[in-house]
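Q: Could we go through the side-chain interactions in this structure together? I would like to take them topic by topic.

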Amino acid sequence: MQGEAREIASILTQMFEQAPTFMALLRGPEHRYELANPSYLRLIGNRDVIGRTVAEALPDAVEQGFLAILDEVYRTGETYNATGALFAMQAEPGGPVDEHYLDFVFQPLRGPDGVVNGIFVEGADVTERRRAEQERRESEALYKGLFDAIDEGFCVIEFFDGPHGPDSDYVHVSANAAYARHAGIPNVVGQKLREMVPAEADAWVARYGAVLRTGEPIRFQQELVATGRYLELAAIRIEPPSRRQVAVLFQDITARRQAELALAELNATLEHQVQERTAELVATGEALRQSQKMEAVGQLTGGIAHDFNNLLTGIIGSLEMMSTRLAQGRIADLERYITGSMGAARRAAGLTQRLLAFSRRQTLDPRPINVNTLVNGMADLIVRSVGPQIEVETAGAAGLWTVHADAGQLENALLNLCINARDAMPDGGKLTIETSNRWMDERTARVRGLEPGQYVSLCVSDTGTGMTPEVVARAFDPFFTTKPIGQGTGLGLSMVYGFAGQSGGAARIYSEVGRGTMICIYLPRQTGEAAEEEELAVVADTPRAEGSETILLVDDEPLIRMLAAEQLAELGYAVIEAEDGPSALKILNSANPISLLITDVGLPGGMNGRQLADAARVSRPGLEVLFITGYAENAVLNHGHLEPGMHVITKPFQMDVFARRVKDLVVKAGVA
Ligand code: ADP
Ligand code: MG
């Protein structure tokens, strides 16, 4: 037994000596050290403590309240446990403080009488563990902070075996605050995929399952159908694979994707839109040109109305004179009045036709133009619109080159320039229209903003007020005007400028205050063959009828009908007259041989000329028809798009022109 006891004592001693935990045995109420193992001695800086009291050996421990605890344990006999208690120890007084965190126990020891006679101290230095724990807590806090702070949605999912097979479902084990924002699903933690979004679960399991199996991170885009969010996602496996966890970082890119789709859509339809806009622009451009023209016409009407009255006065006066002379029986020199009034009437007719032709032309149609011919054609209109106080002179260069431009626009531009000249000469003056061929070398072309080459210039100059340099600088601007409201629109010169540029040319202003202004339009020479000008049919002596063809003449205006009938009779035709459609139709449905139907378009009696012609052709197919029409009736005739064998002559017409047309048609009818 003794040997055994010794052996046990030896084992205990060894254990005591080698234990990683610190141990000490204190005796008596003063806690005098009886034993202390190496771990304990290391803890207290290897001080020599055996045989001394705690108060003597460890004054720093006393200070930190450990002695009081020992006293308490000794007095009450109750064990004292401490975890993570701080023990700051100085290896030598005044030296550096060494901080230790200790888990320990003060265990009272009792003698055979059951009375406490000592304390067993045993514990472990947990400073390292505590530090590690602290670090872990800090890194966890950091992680959590980041986790919740990042803008992207983040979650960790954990696979489990579901009814669909192993790893066929997953649960969300953690998710940051942004998760709900991006995915549109709140409180996701704890939710199982197949319960959450059953319809699309397979697709998500397939994606993340692959990451779990292979360890290959993925990045992809997918719609979360349940919430209509389009997401961009990245997923990585959390190691080790046995955790069956995958981390997912994602972002809602619905808006971006919608923008992309819209952009693609826009690209696809852009061409179409451009076409539409272009068409709109062309239409607007045409409307603008037309309104510019109508503005010029409006500016003209004042002058023209005046002129018209003059012409009418002449005609009426002549007629009055004639009727007076007839009443008096003096018929000798009636011819003078007839010639005079006819001339005036022809001029009036020419003027209206010119005005109508001018205001009617709409579409931009560049063709070869002889500018001299164009100017001459406009001269009458210009002279009449500027009034008698202004002298108009035209000087067309001989051998003028042909240009390629829209005639209607050029006429409009010329009129605008003349109207401006008129406005600049309120007290009268001289207006000159000049044309000439121009060779522009590098330098002169540059000054005018043109390519070097051959040009035709059309210049309008006046002896008017002139323009200051400031006005010159802005005159081409749209809506720039110095004229009072109601008189100027500021669009005239901008039209001139636009037209010249559009035609490959330019417009320039030369002006001096108090002396006058010259504005020139430069148009590039037409290269290649110049198209032939339309030759005006020369009316030679009027042909007479060959046989005794019959013409049906329908007009409700007795005077015109009478004049036309007389003219036709003089040509040798038999003429049947009718004053409206129904009576004409009666004749057409009879057996009378009729070579030609001449009819006014506007007719009373519920049937217009066009309808009459159609009705006539039911019983007489191929009947030649000649319509007499005013401008306004153009629409009835389908704007000149007529069936074969139907023709038009526009009122007013000269009788000899009329006779020639009739003759041609009767001959045609005879041949047919
Ligand atoms: P508007 O005639 O409606 O004013 P325009 O574009 O035709 O518009 O002309 C712009 C301005 O240029 C006129 O208001 C006028 O000040 C000036 N201008 C144009 N032509 C002449 C000219 N021949 N003489 C003096 N000033 C002119
Ligand atoms: Mg003007």
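Predicted model: local features only at pLDDT ≥ 70, side-chain atom pairs only at ≥ 80, totals over all residues.

Q: How many disulfides does a search of the whole structure find?
A: The search finds 1 disulfide. Cys 459 and Cys 520 form it, with their sulfur atoms 2.0 Å apart. Cys 459 belongs to strand E15 (residues 453-462) and Cys 520 to strand E17 (residues 516-524), so the pair links distant parts of the chain, 61 residues apart.

Q: And what is the angle about the S-S bond?
A: The angle is 115°, and the link of Cys 459 and Cys 520 is right-handed.

Q: Are Cys 459 and Cys 520 buried or exposed?
A: Cys 459 is buried, and Cys 520 is buried as well.

Q: Turning to the cores, which residues have the most contacts inside the largest nonpolar core?
A: They are Leu 414, Leu 431 and Ile 433, in a core of 41 residues. Among the elements that each supply at least two residues are helix H12 (371-386), strand E14 (429-440) and helix H16 (492-502). Helix H13 (407-424) is also one of them, and H13 gives the most to this core, with 8 residues.

Q: What is Leu 414 in contact with, leaving aside its neighbours within four places in sequence?
A: Leu 414 is in contact with Leu 374, Val 375, Met 378, Ile 382, Ile 433, Leu 458 and Val 460.

Q: What does the second, separate core include?
A: That core has 29 residues, including Leu 43, Val 49, Ala 57 and Phe 66.

Q: Now the aromatics: how many pairs does the search find?
A: It finds 16 aromatic pairs. In one of them, the rings of Phe 66 and Phe 104 have centres 5.9 Å apart and planes at 55°, so this pair is tilted. Phe 66 is in helix H5 (residues 66-76) and Phe 104 in strand E4 (residues 97-110), 38 residues apart. Both Phe 66 and Phe 104 are buried. Together with Tyr 80, Phe 87 and Phe 106, they form one aromatic cluster.

Q: How are Tyr 179 and Phe 250 arranged?
A: Tyr 179 and Phe 250 form an edge-to-face pair, 5.2 Å centre to centre with 80° between the planes. Because Tyr 179 lies in helix H7 (residues 177-183) and Phe 250 in strand E10 (residues 245-252), the pair ties together parts that are 71 residues apart in sequence.

Q: Which ring does the charged end of Arg 130 sit over?
A: It sits over the ring of Tyr 101, 4.0 Å from the ring centre. In another case, the charged end of Arg 257 sits over the ring of Tyr 230, 3.9 Å from its centre.

Q: Lastly, how many salt bridges does the structure hold?
A: The structure holds 23 salt bridges. One of them joins the side chains of Asp 103 and Arg 129 at 3.3 Å, N to O. This pair links strand E4 with helix H6 (residues 127-149), across 26 residues.

Q: Is Asp 103 buried or exposed?
A: Asp 103 has a relative accessible area of 18% and is therefore buried, since the limit is under 20%.

Notes:
Residues numbered from 1 in each chain as written. Chains lettered and ligands numbered in written order. Heavy atoms only, no water. Disulfide = S-S within 2.5 Å. Helix = DSSP H or I, 4+ residues; strand = E, 2+ residues; numbered from the N terminus. Buried < 20%, exposed > 50% of the residue type's maximum accessible area, 1.4 Å probe, protein only. Phe/Tyr/Trp six-rings, centres within 6.5 Å; stacked < 30°, edge-to-face > 60°. Lys NZ or Arg CZ within 6 Å of the ring centre and 35° of its normal. Core = buried A, V, L, I, M, F, W, Y, C linked by side-chain atoms within 4.5 Å. Contact = heavy atoms within 4.5 Å. Salt bridge = Lys/Arg side-chain N within 4 Å of Asp/Glu carboxyl O.
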